[in-house]
Amino acid sequence: MGGVRVRAMRPGDAERVLAIYQQGLDGGDASFETAAPAWSAFDAARLPAHRFVAVDALDRVLGWVAVSPTSTRAVYAGVVEHSVYVDPEARGRGLGRLLLGALVASTDAVGVWTIQSGIFPENTASLALHARAGFRVIGVRERVARQHDRWRDVVLLERRSPVVG
């Protein structure tokens with residue numbers, strides 16, 4: 001990978017993480033969101049133990065992955081929803097696979113039994129990445145919400161841990 005490694009996300013990564021997030025949102029097929037949140041909101045919504053960045057040899061952030069709890073109910077403590085974003089200039093180099101690998105290892109280690117995500121069907125690269133990482137399609141939420149005056153479907157995916165649950 002030419003000096004690329006994965007490490008824990010740090011507060012000092014905020015600017016690059018949010019910039020990469022915004023680039024993904026600007027592409028139109030990453031999320032219903034249109035603007036990356038302030039760091040305080042991003043930080044508050046994601047579990048600190050499961051945030052990783054892919055960095056180059058100069059420690060420049062090229063991509064990130066993080067999870068949010070799906071519910072505050074105790075019975076769902078082992079279920080998280082994740083997001084993974086890679087800088088457009090760094091795509092096609094296996095960074096998404098590295099980031100998902102780090103995420104899977106960290107969640108398996110603490111008893112998370114399900115990682116889930118919703119992906120637009122047009123985002124074929126992300127769907128392929130997730131399939132290679134062991135995610136399976138659960139179903140499609142048809143016309144679940146509007147984005148830019150257009151109804152969008154969302155493909156629901158999950159990865160069930162083979163070591164938890």
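Modeller: This is a predicted model. The largest nonpolar core has 24 residues, and those touching the most other members are Val65, Leu95, Leu99, Leu100, Leu103, Ile115 and Leu157.

Biologist: Which elements supply that core?

Modeller: Strand E2 (51-55), E3, E4, H3, E5, H4 and E7 each give at least two residues. H3 has the largest share, with 6 residues.

Biologist: What makes Leu103 a contact partner of residues elsewhere in the sequence?

Modeller: Contact requires heavy atoms within 4.5 Å. With neighbours within four places in sequence left aside, Leu103 is in contact with His50, Phe52, Val65, Val67, His82 and Ile115.

Biologist: What is said of a second core?

Modeller: The second core is separate and has 15 residues, including Met9, Leu25, Phe42 and Val53.

Biologist: Why is Tyr21 called buried?

Modeller: Buried means under 20% relative accessible area. Tyr21 has 6% relative accessibility, so Tyr21 counts as buried. Tyr21 lies in helix H1. Not counting residues up to four places away in sequence, Tyr21 touches Glu33, Ala36, Pro37, Phe42, Arg46, Trp64 and Tyr85.

Biologist: How far apart are the C-alpha atoms of Arg46 and Ala90?

Modeller: They are separated by 24 Å, and the two residues are 44 residues apart along the chain. For Tyr21 and Val6, 15 residues apart in sequence, the C-alpha to C-alpha distance is 17 Å.

Biologist: What makes E4 mostly covered?

Modeller: Of the 8 residues in E4, 6 are buried, and buried means under 20% relative accessible area.

Biologist: How do you know that E4 is paired with E3?

Modeller: Pairing needs at least two bridges between the strands. E3 and E4 have 7 bridges, so they count as paired, in the antiparallel sense. Gly63 stands opposite Val86 in E4.

Biologist: Do E4 and E5 run parallel or antiparallel?

Modeller: E4 and E5 run parallel and are joined by 3 bridges. Given the requirement of at least two, those 3 bridges make them a pair. Val80 has Ile115 in E5 as its bridge partner.

Biologist: What lies between E6 and E7 in their hairpin?

Modeller: There are 2 residues between the strands of the hairpin. His148 lies in the loop between E6 and E7, and Asp149 is also placed in that loop.

Biologist: Why is the phi of His148 worth noting?

Modeller: Most residues other than glycine have a negative phi. His148 has a positive phi of about 50° although it is not a glycine. Asp149, likewise a residue other than glycine, has a positive phi near 65°.

Biologist: Why are His148 and Asp149 called exposed?

Modeller: Exposed means over 50% relative accessible area. His148 has 63%, so His148 is exposed. Asp149 has 71%, so Asp149 is exposed as well.

Biologist: How much space lies in the largest pocket?

Modeller: The largest pocket holds about 1300 Å³ of space. It is lined by 50 residues, and the closest to its centre are Ala30, Val84, Tyr85, Ile119 and Ser126.

Biologist: Which element gives the largest share of the lining of the largest pocket?

Modeller: E4 does, with 6 residues. Among the others that each supply at least two residues are helix H1 (14-27), helix H3 (95-109) and strand E6 (136-147). The lining divides into 23 nonpolar, 17 polar and 10 charged residues.

Methods
Residues numbered from 1 in each chain as written. Predicted model: local features only at pLDDT ≥ 70, side-chain atom pairs only at ≥ 80, totals over all residues. Heavy atoms only, no water. 1 Å grid on protein atoms, 1.4 Å probe; cavity = no way out; pocket = protein on both sides within 12 Å on 5 of 7 lines; lining within 4 Å. Points joined across faces, edges and corners; volume = space filled by probe spheres on them. Helix = DSSP H or I, 4+ residues; strand = E, 2+ residues; numbered from the N terminus. Nonpolar A, V, L, I, M, F, W, Y, C, P; charged D, E, K, R; others polar. Core = buried A, V, L, I, M, F, W, Y, C linked by side-chain atoms within 4.5 Å. Buried < 20%, exposed > 50% of the residue type's maximum accessible area, 1.4 Å probe, protein only.
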